[in-house]
Amino acid sequence: MPERIGVLGGTFDPIHVGHLVAAVNAHHALGLDRVILMVANVPWQKVGDRAVSSADDRLAVVEAAVGEVAGLEAGRLEIDRGGESYTADTLKELADLHLGAELFLIVGWDVASQLTSWDRWEAIQQLATLVVVNRPGAGRPRGLDGAGWRVAEVTVPNLEISSTDLRSRAADGRPLDYLVPEAAVRCLRSRGLYARGR
């Protein structure tokens, strides 16, 4: 039986419980062998928007967050590859590393309708089944039907958590409890992430 690998990519600056809820629910609903939370090296969609924490810092926090969670792991392929991170390259590399594996790209409902703006989206379409994570009653994103995508949908609780807000909370010394896993909070605090003046 081929290995079933989920990929949830992101900047993860910082990772939060919303990311983890999406990952564990996709893992369970689709019977995936594992879900890789793939840390972007240089996220091309964020270049020029704001300063992004170092890839090594973001990876360390993701590693702390997934800890001992069965079926989840932090991924560093994009960091090791260097430069700007593109999902098409990552899926191709995973397909080459895990011959015969079935790949599942996990994205949020909001992202799913924008996929044709991604670099080499047709290659992504060929390499992976698209897993759209949505809140109850959200319905299917527009533009996916009849467009050649293999699509699976996973419904998760509606958790409105903003990484921008989390960075602001960390900078102000406000609590991150129950928004970011405890081990990840300890890691980002120990690294001085999001501290004022950094």
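# Reading a predicted fold

Tutor: F12 counts as buried because its relative accessible area is 4%. Buried means under 20% relative accessible area, exposed over 50%, and partly exposed in between, with a 1.4 Å probe and protein chains only. The model is predicted, so local features need pLDDT of at least 70 and side-chain atom pairs pLDDT 80 or more, while totals for chains, interfaces and linings use all residues. Residues are numbered from 1 along each chain as its sequence is written, and side-chain values use heavy atoms, with hydrogens and water left out.

Student: Where is Y178 found, and is Y178 buried or exposed?

Tutor: Y178 is found in the loop between α7 and α8. Y178 counts as exposed because its relative accessible area is 78%. Its phi is positive too, near 70°, and Y178 is not a glycine.

Student: Which residues touch the most other members in the largest nonpolar core?

Tutor: In soluble globular proteins, nonpolar side chains tend to be buried together. A nonpolar core is a set of buried Ala, Val, Leu, Ile, Met, Phe, Trp, Tyr and Cys residues joined through side-chain atoms within 4.5 Å. The largest one here has 39 residues, and I15, L37 and I106 touch the most other members. Elements that each supply at least two residues to this core include α1 (17–29), β2 (34–39), α2 (55–66) and β6 (102–108). The largest share, 7 residues, comes from α2. Apart from this core lies another, of 20 residues, among them L94, L115, I124 and L130.

Student: With which residues is L37 in contact?

Tutor: Contact means heavy atoms within 4.5 Å. Leaving aside neighbours within four places in sequence, L37 is in contact with several residues, including L8, F12, I15, L20 and V62.

Student: Is I15 buried or exposed?

Tutor: I15 counts as buried because its relative accessibility is 0%. I15 lies in the loop between β1 and α1. Beyond four places in sequence, its contacts are L20, L37, V61, V62, A65 and V180. The C-alpha atoms of I15 and G139, 124 residues apart along the chain, are separated by 26 Å.

Student: How many bridges join β1 to β6, and how many join β1 to β2?

Tutor: Two strands pair if DSSP finds at least two bridges between them. β1 and β6 run parallel and are joined by 4 bridges; R4 has E102 as its bridge partner in β6, and I5 has L103. β1 and β2 also run parallel, with 6 bridges, and V7 stands opposite I36 in β2. Strand β1 (residues 4–10) has 5 of its 7 residues buried.

Student: Which unit do β1, α1 and β2 make?

Tutor: A crossover is right-handed if, with the strands pointing away from the viewer, the path from the first strand over the helix to the second runs clockwise. β1, α1 and β2 make a right-handed β-α-β unit.

Student: In which sense do β6 and β7 pair?

Tutor: They pair in the parallel sense over 6 bridges, and F104 stands opposite T129 in β7. In β6, 5 of the 7 residues are buried. L105 lies in this strand and counts as buried because its relative accessibility is 4%. L105 and L130 are 25 residues apart in sequence, with 5.0 Å from C-alpha to C-alpha. Contacts of L105 beyond four places in sequence include V7, T87, W118 and L130.

Student: Which residue lies over the face of W109?

Tutor: A charge sits over a ring if NZ of Lys or CZ of Arg is within 6 Å of the ring centre and within 35 degrees of the ring normal. Here R135 lies over the face of W109, at 5.9 Å from the ring centre.
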